[in-house]
Structure formats: C-alpha cells, structure tokens
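Try each task before reading its solution.

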Amino acid sequence: MVSSFLYWLIAPFILAWALVKFIQRSPRPVAPDVAALIAKDPMPAKAYAAACRGAAGLTSLGVFEKLIEASDAAWKGQDAAKKSGVKASFLVFDATGVVVEQVDS
C-alpha cells in the first residue's frame, strides 16, 4: 500500500520538480544587440524593457517596473508600425537580457 502510494502519487511530483529545476538551470541565450543595449544603458535588477528591432537596429522603447507595462509598450509600437507600414520586431526582455516576449509587425 505504501509503495503504491509513493510510486503513483509522490514520484511524479518529485520527477516534475526535478524537471523544472533542470529547465531553470539551462542557459538562456541573449541576443548580441540586446546585450549591447543593456551594457550601454543598464537597468534595475527587477525591471523589464521594451525595444524595437528594425532597419535602424535596436532602439529602446523604455524601461518599466512591471512586465505588463513593457508588453503594452511593445504592442503599441507594433500597432504604430502596422499603421505606417514598417516591418519591425518588438521585444520585451528582463534585466539579464532574456527575451520574454516578441511581437512582429
């Protein structure tokens, strides 16, 4: 009885926890232009930034305290780019440079 309880209920949770920890430790790539933008203009540890990657390169849309604010800035930039007919990518990334969200126009 105890062994079946451990096998069917406890073991899957332990394996899922180990898988999550393994994924968290895996290296997350940072694009060179994003790394250059962060090096040029550092941001606080728990902040998010939005940027536009277009023909002119990567330009910052601002640094925000919350992820939803940075995401809103990226979506507003995408709407403006669609209206003007410009092709660009809008990125939202954290302080380490890992892209959290990407929106293309």
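Predicted model: local features only at pLDDT ≥ 70, side-chain atom pairs only at ≥ 80, totals over all residues.

**Exercise 1.** Find how many bridges join strand E1 to strand E3, and in which direction the two strands run.

*Solution.* Start with E1 (residues 48-54) and E3 (residues 89-94): 6 bridges join them, and they run antiparallel. Strands here are DSSP runs of E, at least two residues long, and helices are runs of H or I, at least four, numbered from the N terminus. Pairing needs at least two bridges found by DSSP.

Residues are numbered from 1 along each chain as its sequence is written, and side-chain values use heavy atoms, leaving out hydrogens and water.

**Exercise 2.** Work out the strand order of the open sheet.

*Solution.* The 4 strands follow the order E2-E1-E3-E4, with antiparallel pairing. At the edges sit E2 (57-64) and E4 (99-104), each pairing on one side only.

**Exercise 3.** Decide which residues of H2 are buried and which are exposed.

*Solution.* First, the buried ones (under 20% relative accessible area; exposed is over 50%, partly exposed in between, with a 1.4 Å probe and protein chains only): Val 34, Leu 37 and Ile 38. Because they cover an arc of only 95° around the axis (taken from the directions to the C-beta atoms), they lie on the same side of H2. Finally, Pro 32, Ala 39 and Lys 40 are exposed on the other side.
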